[in-house]
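Welcome to this tour. Please open the model in your viewer and keep the selection tool handy.

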Amino acid sequence: MLEIKNLHAELEEDSDVKILRGVDLKVGAGEVHAIMGPNGSGKSTLSYVLSGRDGYEVTEGSATLEGHDLLDMEPEERAAAGLFLAFQYPVEIPGVGNMTFMRTALNAQRKARGQEELSAGDFLKIVRAKAKDLQIDADMLKRPVNTGFSGGEKKRNEILQMALLEPKMCVLDETDSGLDVDAMKLVSDGVNALRDAGRGFLVITHYQRLLNHIKPDVVHIMSEGRIIRTGGPELALEVEEQGYGHILEAV
Amino acid sequence: MAALDTTADVREGVDRETVETVRSMSGTYKHGWETDIEMEFAPKGLNEDIIRLISDKNGEPEWMLEWRLDAYRRWLTMEEPDWALLEIPPIPYQEQYYYAKPASMTEKPKSLDDVDPKLLETYEKLGIPLKEQMLLAGVEGAEVSNDRKVAVDAVFDSVSLGTTFKDELAKAGVIFCSISEAVQKYPELVKKYLGSVVPQNDNFFAALNSAVFSDGSFVYVPAGVRCPMELSTYFRINAENTGQFERTLIIAEKGAHVSYLEGCTAPKRDTHQLHAAVVEIVVLEDAEVKYSTVQNWYPGDEDGVGGIYNFVTKRADCREARAKVMWTQVETGSAITWKYPSCILRGDDTQGEFYSIAITNNHQQADTGTKMIHLGKNSKSRIVSKGISAGFAQNTYRGLVTMHPKATNSRNYTQCDSLLIGDRCGAHTVPYIEVKNASSRVEHEATTSKVDDDQLFYCRSRGMDEEEAVALVVNGFCREVLQELPMEFAMEAQALVAISLEGSVG
Ligand SMILES: Nc1ncnc2c1ncn2[C@@H]1O[C@H](COP(=O)(O)OP(=O)(O)O)[C@@H](O)[C@H]1O
Ligand SMILES: [Mg+2]
């Protein structure tokens, strides 16, 4: 599904700031991988470089989705190809109704794939059903995108978009941060409901607790722009009990 | 008096690549084609003989001709205003036509059915329904029931082709016809109100209009009548080197209600054309008038070649108690826009509202805003202005709020937001505030921001292309104004916001 090889990236405006220094990672269809690591290790940057945000220069390496070169595509082409990023900090867009935003996005992707656009009525049915599972009420669907949403509402809204767009490869950047226990359960249930044999997940998190709800197949530890250790779910428990310190030392 | 000027300096903002990408998507003005038709012109230039000729062509009574000549003589003594933040090249007043009419209109057709099919096709192509069973284009049929009718007055260059729904409106007592028809059929009303809100010598362009005005619309809603449908006028400039000088007069008697829409387009030409309109609205006791404009005159090309010069005087007089007027404008076209739809809040407890979206792209310039003149007690006004500037464009909000000594306990709220796309355009806010009594209150809020790269990336990461993302974000920015438009225009305006930003974010 997702294959990252020796990926190097630096800041576009300051090539001295080298953030990714050779990331290797392979997520197969149906697999859930977690990336853990201390603050500033490059986790968010990896998610941005994959989804095509401006400001980073890839100097070496490759990233492909089902064999297609991601780095060669515009952000919207990556989305249409099936990549989805749940943002660490979802962006507010004042004045644009949440529903309008999602419908525009879904229809843009459908158009890019040569599918027919959904009518307002059909879209409404789909979005209502998916919103219900995430306990997102009609009011939240009408309000402007993320504007005035609480932290938890923003994260649930990201998962709603993911459920709606049905991507092949989902990257979740600290979707657990700022969530209370109930919200964490809702979000995790939302993610788990989407797990299937054709879909890959890359779950970026700082804490182990999310991984109690979304059980990963593989856990990676990232530090200073590299994956420094890879293991099974037990690696997350090791981090939880002993912190990153001893893992970093061991390398 | 307080004036405040916020000019965007060169900042990072939207990154170069965004700018280039959006620039490369060719800007396309959708109504730039022309109708090939035989026209009848008055000779080029302006003098008393031309005015006599216009008056004669319209079959006007003597008093109307005298009124025009009086205006013309005043105009000769006046100068173009130069206080706006606009660079106005010299306008060759003697090098253009002041009257142009399709030859087929010489013999005035009895009804729209008798109008030259070529002219009717023009409006069909523009999406304007001249058949009564049709609705305005851009309205999704399924969502609109049949009772959302819109009566149309179609003005082509200097003449009105005709108006729809005349009979149905007449049953309600509403008069809706071209101003030239009104001069003949309802001279007493025209005499009483014409120039009573915008006097002949109000300003240079109003004086010019008073001298040479051709067609425009006349609306009279009698006391207590709620106009049974939306009224609209659609202006089309077609002839080359021809000015358009429409004149509109709306009168809402005691307790009357009416909503009026105005739209306009012109072909793509590499020469400039002058449009100097005057709109006067008289609102009497407890009456309400809602006036909406979608201005989409040809804006010129991406190098600033061609485009309409749009100098417009619009004013409403809330003459009696509790009269209410609401201006909504979406200004996307024209090379130069100079326009300040204003409210005179003369009666006690009167209300004036002004909602505006002004989009300038490429080399367009707009200096637009409003005046709220509070004369009556407890009068209220509200101003919401959204200026969007892209390319090399300059966009100025200019507003005046005055609270006269007798306008006690009056209120104004003003909100001006400017959005910049790219780093070579400018946004300016120039609010003048005069408060001459102690019990009135004026509130002013202003913001200037850049289109946010994070917002654009968020949209794109969800699958929208850059153009769609910009359109969505800008539509969001304009939402408070868009939602004030009648449904018939809201969709068109939303699409127009996207179209007018095509071809250059930067
Ligand atoms: N746009 C940027 N400007 C400056 N520094 C940046 C930028 N993006 C990332 N960095 C730096 O790169 C490093 C990795 O950041 P990030 O990817 O956000 O880490 P994580 O998500 O693992 O906390 C940090 O040192 C951060 O300061
Ligand atoms: Mg991060």
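Two strands count as paired here if DSSP finds at least two bridges between them. Helices (H or I, at least four residues) and strands (E, at least two) are DSSP runs, numbered from the N terminus. This is a predicted model, in which local features need pLDDT of at least 70, side-chain atom pairs count only at pLDDT 80 or more, and totals for chains, interfaces and linings use all residues. Residues are numbered from 1 along each chain as its sequence is written, chains are lettered from A and ligands numbered from 1 in the order in which they are written, and side-chain values use heavy atoms, with hydrogens and water left out.

**First stop: the sheet of chain A**

Select the strands E6-E9-E10-E3-E11-E12 of chain A: in that order, the six form an open sheet with mixed pairing. From one strand to the next, the twist averages 20 degrees; axes are lines fitted to C-alpha atoms, for helices over the stretch in contact, and angles run from 0 to 180 degrees between N-to-C directions.

Now pick E3 (residues 32-36) and E10 (residues 200-204) of chain A, which run parallel and are joined by four bridges. Within this pair, Ala34(A) stands opposite Val203(A).

**Second stop: ligand 1**

Which residues are around ligand 1? Select Leu11(A), Ile19(A), Pro38(A), Asn39(A), Gly40(A), Ser41(A), Gly42(A), Lys43(A), Ser44(A), Thr45(A) and Tyr56(A), where a residue is included if one of its heavy atoms lies within 4 Å of the ligand. Helix H1 (residues 43-51) of chain A gives the largest share of this shell, three residues.

Zoom in on the oxygen atoms of ligand 1: a backbone N or O atom of Gly40(A) lies 2.8 Å from one. For Ser44(A), a backbone N or O atom is likewise 2.8 Å from an oxygen atom of the ligand.

Move to chain B, where an open sheet of 10 strands has the order E4-E3-E7-E9-E11-E13-E16-E18-E20-E22, with mixed pairing. Because E4 (159-163) and E22 (441-450) of chain B stand at the edges with a single partner strand each, one side of each is left without a neighbour in the sheet. Here the twist averages 10 degrees from one strand to the next.

Finish with E3 (residues 150-156) of chain B, which runs antiparallel to E4(B) and is joined to that strand by four bridges. Ala154(B) stands opposite Gly162(B) in E4(B).

Key
A polar contact is a pair of N or O atoms within 3.5 Å; within protein, one must be able to donate a hydrogen and the other to accept it, and residues adjacent in sequence count only if both atoms are side-chain atoms.
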